[in-house]
Amino acid sequence: MGISIPQAPVRAVTEDEIAAFRARGWARLPGLVGADFVADLRERALERLGEQRERFRNGLVDQAFGQDRDIARHDEAFAALALSPRLAHNVTRLLVGVGAVRLQVTNLLVKEPADGNRHGETVFHQDFPWMPMDRASMLTVWLALDDVPADMGALRFYDRSHRYGPLGRSFVREDDDALTRHPWLETLALSEPSDLAAGDATVHHSLVVHGAPANRRDRPRLSFTATYFDAETLYTGAPYGQTDGLGLTVNEPFDHPCFPLVPTA
């Protein structure tokens, strides 16, 4: 018998946070997850990083950060958070016209100090252009597993950029970041650098343009992300590493164990 994992202590989002997310495409959620639970996640993350760090490779993405993809499939505490009914309920309240969500992916992210010549800045990009989905009703919860001062590489967002639709893929080739391809984005307000405490989170829409500076501290930046999408989303059949070979049917929902429907109660 394994150690029992308590239900993840996730607070409800407020009406002000919902309004901010819908207006800007992102929102800050202070104290989203309880401190003791996050401390346990941090210890689990450090142990896994010690075993797996050199395996984190994903082409151009790895120049910006390392990722342990689908961490919730390998660790029950991360699964308890990713499949939290309270968290799923928050997501349905943040997105417009969405009654139920599926979990798309989880990631344990590490951004090493820039002085080690391992990771640099995360270029500004959108998440959705990669997805084989017929709608962009999707968001990512980005949770700080430790205190993340602004100069450690906390995310920044271009306000309201989610209103302009898909702007193309990044991390495909050099100089394909959103700002290089769409310099007009700089007419939009860029969120101020901010410090995050362990348990604080940001949440961003799949179409909002976001990025992060390099980590200028002497320790790795640790975070956990969970991405959710509208359960009514249909599969388009576009090539994508996560879905290729799963046997999904074009123009049908993502009814597959890799994309579990997350209960909200």
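The legends below describe close-up views of a predicted model.

**View 1. Buried and exposed residues of helix 1.** Helix 1 spans residues 15-24, and its buried residues are E17, I18 and F21. These residues lie on the same side of helix 1, because the arc they cover around the axis is only 100 degrees. The exposed residues E15 and D16 sit on the face turned away from that buried side.

**View 2. The side chain of K111 in strand 3.** K111 belongs to strand 3, which runs over residues 101-111. K111 is buried but has no salt bridge. For K111, the nearest side chain of opposite charge is that of E121, 8.1 Å away; a salt bridge would need a side-chain nitrogen of Lys or Arg within 4 Å of a carboxyl oxygen of Asp or Glu. The side chain of K111 does make a polar contact, at 2.9 Å, with the side chain of T122.

**View 3. The aromatic pair F124 and Y158.** The model has eight aromatic pairs. One of them joins F124 and Y158, with 5.1 Å from centre to centre and 65 degrees between the planes, and is edge-to-face. The pair links distant parts of the chain, its members being 34 residues apart. F124 is in strand 4 (residues 122-125), whereas Y158 is in the loop between strand 6 (156-157) and helix 5 (178-181). Both F124 and Y158 are buried.

**View 4. The aromatic pair F229 and F254.** The ring centres of F229 and F254 are 5.2 Å apart and the planes stand at 70 degrees, so this pair is edge-to-face; planes over 60 degrees apart count as such. F229 counts as buried because its relative accessible area is 0%. F254 is likewise buried, with a relative accessibility of 0%.

**View 5. The cluster around F229 and F254.** Ring pairs join F229 and F254 with Y235 and F259 in a cluster.

Notes
Residues numbered from 1 in each chain as written. Predicted model: local features only at pLDDT ≥ 70, side-chain atom pairs only at ≥ 80, totals over all residues. Heavy atoms only, no water. Buried < 20%, exposed > 50% of the residue type's maximum accessible area, 1.4 Å probe, protein only. Helix = DSSP H or I, 4+ residues; strand = E, 2+ residues; numbered from the N terminus. Arc of directions from axis to C-beta. Lys, Arg positive; Asp, Glu negative; His and termini not counted. Polar contact = N/O pair within 3.5 Å; in protein donor to acceptor, adjacent residues only side chain to side chain. Phe/Tyr/Trp six-rings, centres within 6.5 Å; stacked < 30°, edge-to-face > 60°.
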